[in-house]
Amino acid sequence: MKPAPIRRVVIVGGGTAGWMAAAVLSRGFAAERLAITLIESPEIGTVGVGEATIPPILTLNRLLGIDEDAMIAATSGTFKLGIEFRDWGAIGDRYFHPFGSFGADLNGVAFHQHWLNLRDGALDDYSLNAQAAKAGRFIRPVDDPGHVHSRMSYALHFDAVRYAAFLRDQAAARGVIHLPRKVVEVRQDARGHVAAVRLDDGAEVAGDLFIDCSGFRGLLIEQTLATGYEDWSHWLPMDRAVAVPTERIAPPVPYTRSTAREAGWHWRIPLQHRTGNGHVYCSRHISDDEAAADLMGALDAPAAGEPRLLRFVTGRRKKAWNANVVALGLASGFVEPLESTSIHLIQQGVVTLMSLFPDTGFAQADIDQYNRLMQAEAEAVRDFVIMHYHLTRRDDSPLWNEVRTMEVPDTLKARMALFRSRGRLFLESSELFREPSWVAVMLGQGLWPDAVDPVAGAMDEAEIRAKLERMRAVIARGVQAMPMHDDFISRHCAHA
Ligand code: FAD
């Protein structure tokens with residue numbers, strides 16, 4: 001029997017995941033070729049957080065043909081140059097994980113090896129992003145490899161609810177059907193595939209391919225198909241968050257801040273009209289009331305809403321694609337937002353789905369490939385985030401003692417051992433976080449190599465020192481020549 005072509009896609013969920021999926025699929029397939037319906041329950045609503053991103057979001061914007069200034073204005077967005085980590089290695093410590101690179105490789109040897117060898121200045125002195133962030137400045141990269149500003153790398157902060165609405169308008173303009181209704185029943189066919197969903201008004205919506213963007217509940221992937229969940233909370237024990245916005249009292253800084261606390265950490269995400277704040281914590285070590293009080297006590301501006309509690313279990317769905325259901329976003333799993341990776345994993349999920357799109361029916365090889373790729377993406381993010389906890393030197397509370405002394409995945413153990421020996425890093429070409437990110441966090445958290453790569457040590461010291469000094473000077477001048485972040489926003493992308 002010839003497999004039936006895929007002509008009808010049904011997306012369940014209208015949060016960031018649902019609307020990203022609708023926007024990408026409708027951009028890739030004309031409405032006559034693929035009918036896309038998105039169902040979302042206004043009664044259930046969205047998780048409403050998820051406001052910090054990483055640089056690949058700009059690729060998504062290009063793919064969708066989005067005018068970035070218009071998008072930032074519509075979502076009250078700001079620019080993000082990296083993350084400042086406070087109190088993570090030890091109380092009082094600060095380091096910056098910048099996007100982009102540190103310095104430049106010299107004579108074929110990684111920059112950080114030269115820096116480790118000579119320790120000339122601070123590591124951050126060699127990061128254009130870190131210096132611009134500290135100075136509160138921003139400029140987009142210029143298209144001239146000889147200019148220092150060509151080395152800028154950035155991502156965005158935006159209001160999650162406004163971002164979903166922005167994507168919804170894009171998708172609706174390309175013919176996506178939007179049904180603001182609740183799914184009350186799921187009907188499966190003889191093979192166990194999802195055949196249709198029934199809505200609270202009695203209507204039934206049939207589809208060939210279903211995309212589960214229903215959030216943590218995983219309405220199709222788990223509640224219907226019982227796919228199973230791999231629980232990672234023995235490595236990442238945070239399981240709750242409380243979030244509260246604050247009023248704007250000062251110009252927004254161009255970076256996210258993460259401050260470690262006794263039983264978790266606080267985020268601070270500056271937007272044009274408000275600041276997003278949250279406390280991610282482990283409920284075994286602090287009660288919800290204490291966690292909320294800790295967050296409220298640390299706010300640097302008046303609260304602009306009530307604190308909201310969110311619960312989660314860190315891990316991943318055992319198969320992101322099962323039968324004719326692909327799970328995206330929180331329905332596919334969750335790693336806490338320490339490195340702002342969830343929206344990126346949605347993007348990867350939907351772009352990968354496009355590249356394996358089952359137009360003439362479902363092939364197991366495509367499904368297996370998709371699941372392999374998404375598993376690798378999620379595990380790479382997991383290891384990077386675990387490292388932030390494990391490398392702490394804090395011993396002031398049960399949480400930090402637990403994560404500092406825990407067993408970590410073998411993949412991460414091997415990577416840290418290699419770096420500890422000679423500062424070397426060997427990454428898979430597909431890994432999301434590249435050398436500068438690993439270097440920033442490893443050194444930032446105090447993982448100092450026992451020795452440097454012998455090739456760096458064998459080079460002419462005076463020559464390398466002169467080159468390092470030039471790099472620092474070029475970066476310092478480059479930062480001075482940038483506008484202030486808030487002025488840049490006012491000029492190009494202020495929210496009306
Ligand atoms: P949701 O927003 O929960 O949307 C689920 C949708 O499904 C809703 O529209 C709901 O109405 C619908 N739905 C559910 N059941 C039904 C039903 N029966 N019928 C119809 N519709 C239904 N990510 C980042 O990249 N950066 C961050 O800084 C970041 N911070 C985060 C902080 C916290 C505390 C948490 C928990 C997450 C954070 N994330 C972050 C993750 C990010 O919020 C999510 O990846 C993103 O919002 C996508 O959510 P979603 O669309 O999968 O789910």
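## Domains and the ligand shell

Domain bounds here come from an automatic or database domain assignment. For this protein, that assignment gives domain 1 (8–51 + 159–231 + 315–381), domain 2 (102–153 + 385–480) and domain 3 (240–311). Before going further, keep in mind that you're looking at a predicted model: local features need pLDDT of at least 70, side-chain atom pairs count only at pLDDT 80 or more, and totals for chains, interfaces and linings use all residues. Residues are numbered from 1 along each chain as its sequence is written.

So where does the ligand sit among these domains? The shell around the ligand takes at least three residues from each of domain 1 and domain 3. There are 41 residues around the ligand, and G13, G15, G50, G215 and G329 come nearest; a residue counts as near if its C-beta atom, placed from the backbone, lies within 6 Å of the molecule or strand in question. Helix 1 (16–28), strand 13 (240–247) and helix 8 (342–355) are the elements giving two or more residues to that shell. Helices (H or I, at least four residues) and strands (E, at least two) are DSSP runs, numbered from the N terminus.

Sorted by class, the shell around the ligand holds 20 nonpolar, 17 polar and four charged residues. For the sorting, Ala, Val, Leu, Ile, Met, Phe, Trp, Tyr, Cys and Pro are nonpolar, Asp, Glu, Lys and Arg are charged, and the others, Gly among them, are polar.

## Where domains 1 and 3 touch

Taken over C-alpha atoms, the centres of domain 1 and domain 3 are 29 Å apart. Their contact takes eight residues from domain 1 and 10 residues from domain 3. Two residues are in contact if their C-beta atoms, placed from the backbone, lie within 7 Å. On the side of domain 1 that touches domain 3, you'll find four nonpolar, one polar and three charged residues.

## Helix 1, tucked inside

Helix 1 is largely enclosed by the rest of the structure, because 11 of its 13 residues are buried. Buried means that 20 or more other C-beta atoms lie within 10 Å of the residue's own; with 12 or fewer it is exposed, and in between it is partly exposed (C-beta atoms are placed from the backbone). The buried residues of helix 1 are T16, A17, G18, W19, M20, A21, A22, A23, V24, L25 and S26. Among the elements covering them are strand 1 (8–12), strand 2 (35–39), helix 2 (57–63), helix 6 (160–173), strand 11 and helix 8.

How far apart are the end C-alpha atoms of helix 1? They are 18 Å apart, which agrees with the 18 Å that its 13 residues should span at 1.5 Å a residue. The expected span is 1.5 Å times one less than the number of residues.

## Helix 11

Helix 11 (residues 410–422) also gets a length check: its 13 residues reach 19 Å from first C-alpha to last, close to the expected 18 Å. After helix 11 comes G423, with a positive phi near 70 degrees.

UniProt, in an unreviewed entry, marks K80 as "binding site". UniProt positions are given in the numbering used here, feature names are shortened, and annotations may be inferred rather than shown by experiment. K80 lies in strand 3 (residues 78–80) and is buried, with 28 other C-beta atoms within 10 Å. Setting aside neighbours within four places in sequence, K80 contacts A52, T53, Y154, A155, L156, H157, P254, Y255 and T256.

The unreviewed UniProt entry also places a "binding site" at E339. E339 is in the loop between strand 21 (333–334) and helix 8. Is E339 buried or exposed? It counts as buried because it has 22 C-beta neighbours inside 10 Å. Beyond residues up to four places away in sequence, E339 touches F384 and V385.

## Loop residues worth a look

Two residues other than glycine have a positive phi. S76 has a phi near 55 degrees and sits in the loop between helix 3 (68–74) and strand 3. With 23 C-beta neighbours inside 10 Å, S76 is buried. A226 has a positive phi of about 45 degrees, and its place is in the loop between strand 11 (209–212) and strand 12 (229–231). A226 is exposed, with 9 other C-beta atoms within 10 Å.

S214 lies in the loop between strand 11 and strand 12 and is buried, with 29 other C-beta atoms within 10 Å. Not counting residues up to four places away in sequence, S214 touches V12, G13, L219, L220 and A331.
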